[in-house]
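Thank you all for coming.

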Amino acid sequence: MTTGLALRSVTKRFGGFAALEEVDFVAHGGEVHALLGENGAGKSTLMNVACGIYAPDEGRVEIDGKAVSIAGARDAAARGIGMVHQHFKLVPAFSVLDNILLFNPGRPAAEVGAEAQRLAARIGFDLPLEARAGTLPVAEQQRLEILKVLIGGARIVILDEPTAVLSPEEGTALMGLIRGLADEGAAVILVTHKLHEALHHSDRITVLRQGRTIAETTPEGMNPAELTTLIVGEQIVEEPELSSHVGERVIWLNGVELAGDAGRRGLTGLDFQVRAGEIYGVAGVAGNGQSELAEVLMGLARPTGGTVWMDGENITEAGPAGRRRAGLACIPVDRYRHGLAGRLSVADNYAVNGVLAGRYGGWMWLNRAKARARAREAVEEFDVQGVRGMGQRAALLSGGNAQKLVIAREFEGETRVVLAHSPSRGLDVRAGAAVHARLRAARDAGAAVILISDDLDEILLLSDRIGVLSDGRMAAEFTAPADRAEIGRAMVSHGDD
Amino acid sequence: MDFLANWLINIPGFAVPFALAALGLIFSERAGVLNLGAEGFMLGGALAGVGLTLNGAPPLVALGGAMVAGAALGLVFAVLVAGLRINHVISGLALVFLAQALTSYIANENDWANQSFAGLQDLVLGQDIVVWATPLLCLGTVWLLGRTRFGLTLRAVGENPGAADAAGIDVTAMRFAAIAIGAALMGLAGGYLTVAVSKIWVDNVVGGRGWIAIALVIFARWHPWRALAGALLFGCIEALIPRVNAAGWAVPQYYLQMTPYLATLAVMIWSAARGGDRWAQPAALGQHHIREERD
């Protein structure tokens, strides 16, 4: 077979670091080809080579059996390669039609509009051409992205982590759409780290690890454990493990309301409690009030109604500092923005809580030596890798190790409540497992753990109880072990059943 | 009655520099370049207009020269913000101060200061050709930004440079173009001030009109027609000031000279209080575009 895209012995180096080394990857027309690998395995780099953003240092790119050299995004589009990025490349202020025109320049608007309508109808959805792209729901924005590349005549469609922002139902619908594209002869490349997508929705699977092709296989006869071993290079199987000892309630919310506005969603009538020694998972599609709930719990946003209680005290009016003193530990969603000050040293980042609590001197002087010594111990204890010295900038740590540093700091004092917001996002399987182990350890030591995550697998793996956040309300509550499909339904119920 | 007629006939002349400068700013800012250099580009244009006129160039040639001078300063600004990706605010402020000192220096070296000249003559109804051309330029801007591929591309760069980049658009080149066009219009605004209004060079002849134009663009929510309306409003105020004194009303001069800035403040407070339209400001205004080299 000669149709489709072939990357042959592609090597790409950044400085001295080889992001790709002699990688082979072939996607044929008519198939869905899953590209699997951990963060940093080279998936994105490989796809950037395929769409001409990077030129390979060695090796070649072939389209329909002919070697080509792709000169950039526009050239890739002209050659029939379309990329749907994980972070959409839309202009929110533009209409749907203008967004399509931007990617398909030089054709009359009316003609492109008619083609968009026709194409959308054929693959089974409709799009309001005049609506502003930024007002569309996320799933429709993604369809717009797909439409954009199809109108450009793409026969090789690359989707980078397409289901990351979708509910399970929307994800399934997208997989159906992708299958339809393949049936029409397109080569669809599905870049993902979700095993079940690769196993259930692809025809072939290529696994990358550390910039090399590890395997090319079919999903038949593969199971998740084997696939994980291929991806990670060793066997890491995390099993759910329920709490053995649940105590009194530690933190609870009573009818908490938060007024929404242009940029943020409101919260409506939130009631839930978390007991000592349990992990309470908050599931939901991203953007249904998770960030707002986290801000309310951290004390960054003051509820417009209702009360928050901790250990029998009303902490609704308490700010972040007061809550920390009461024993709240926070692992924020964006560790580089809210968790760490990247330009400051590892020691400073570690010591900041202790400094505020007065552990390293008073308000006039700072016992830096003591802070450094304590930071060194913590780095050791929490296995933070890649620290060459306590004076090293925190920004130089990899994602997993930065997260470990945040956790080391947050777990420093006596912890009554742990709030973890997507703690393993962007981490590879191994680093994620280490973070999970820390959360379990905190729970087993008697803390009440609130885990907010849009990764349902993570919720199911860790939680003793699960609340589903939908449209700013708690749509349903489940006790583990819970049924995945039922949770999925609650995630899109909008709290009205 | 005389007072009113005299006032009305003078409004367009005062409104035109605001309108042209605001149009220039709209070009630049719709492409995402926060442009605080307006006062500088206007000064460059104003000086070029004076220099050319005093050396015998006809007024229209002098105005053309003003546009070229504005664009040349614009290219300096573009190298800073689009090429070297220096902070837009700092670059804009630096450019204004540079232009203030440089234009005064050049004018005084060449003895251009305080020499009056005939300048641009009126065409019809007591208005000159630039007054008549300004609405057409506004129409042209609306059409160019809203109806052409160039405009779509320019606005995409100002709204989401990442998306524009992914669409194969050269973000840096687009910003260079937008800044150059905008600076040429601002140069024309400055040239008009000297060639058609003051007909003389004094240091800092632009006198803060560039700053008012910046406020005007925010008030107009980056839309050309609304900018034209705002320019007329400020034209009314500016045209009123000399006439109040001439009519012999006992209003202290300093209060009068304050009015454009009071009006600016009022307009800014009004736009802030109204809030609303979250699509109005270009989403990537003041942001640099740096392609992610690695994930």
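Predicted model: local features only at pLDDT ≥ 70, side-chain atom pairs only at ≥ 80, totals over all residues.

In chain A, Leu208(A) has Thr213(A) standing opposite, and Thr213(A) belongs to strand E10(A). That pair leads us to two strands, for strand E9, covering residues 204–209 of chain A, runs antiparallel to E10(A) and is joined to that strand by five bridges.

Let us now step back to the sheet. What is the order of the strands in this open sheet of six? In chain A the order is E6-E7-E8-E3-E9-E10, and the pairing is mixed. At the edges we find strand E6 (81–84) and strand E10 (212–217) of chain A, each of which pairs on one side only. From one strand to the next, the twist averages 20 degrees.

Two helices of chain A lie across this part of the fold. Helix H6, residues 168–183, lies across strand E3 (32–36), strand E7 (156–160) and strand E8 (187–192), and runs at about 150 degrees to E8(A). Helix H8 of chain A, residues 224–232, lies across E3, E9 and E10, running at about 35 degrees to E9(A).

Next, the nonpolar cores. The largest has 161 residues, and Ile158(A), Ala19(B), Ala22(B) and Leu216(B) are those with the most contacts inside it. Helix H8 of chain B, residues 171–198, gives the most to this core, with 17 residues. If we leave out residues up to four places away in sequence, Ile158(A) touches Met47(A), Ala50(A), Cys51(A), Met83(A), Val84(A), Ile189(A) and Val191(A). Apart from this core lies another, of 73 residues, including Val333(A) and Leu469(A).

How many residues does each chain bring to the contact between chain A and chain B? Chain A brings 20 residues and chain B brings 15. On the side of chain A, helix H2 (73–78) and helix H3 (96–103) each supply at least two residues, and H3(A) gives the most, with four. By class, that side of chain A has 13 nonpolar, three polar and four charged residues.

Finally, consider chain A as a whole, which has 17 helices and 20 strands. Because a compact globule with 497 residues would have a radius of gyration near 23 Å, the 24 Å of chain A agrees with that expectation. Of those 497 residues, 44% count as buried, and among contacts between residues at least 6 apart in sequence, 69% join residues at least 24 apart.

Conventions: Residues numbered from 1 in each chain as written. Chains lettered and ligands numbered in written order. Pairing = 2+ DSSP bridges. Axes fitted to C-alpha atoms, helices over the stretch in contact; angles between N-to-C directions. Contact = placed C-beta atoms within 7 Å. Nonpolar A, V, L, I, M, F, W, Y, C, P; charged D, E, K, R; others polar. Core = buried A, V, L, I, M, F, W, Y, C linked by C-beta atoms within 7 Å. Buried ≥ 20, exposed ≤ 12 C-beta atoms within 10 Å, placed from the backbone. Rg over C-alpha atoms; globule rule 2.2 N^0.38 Å.
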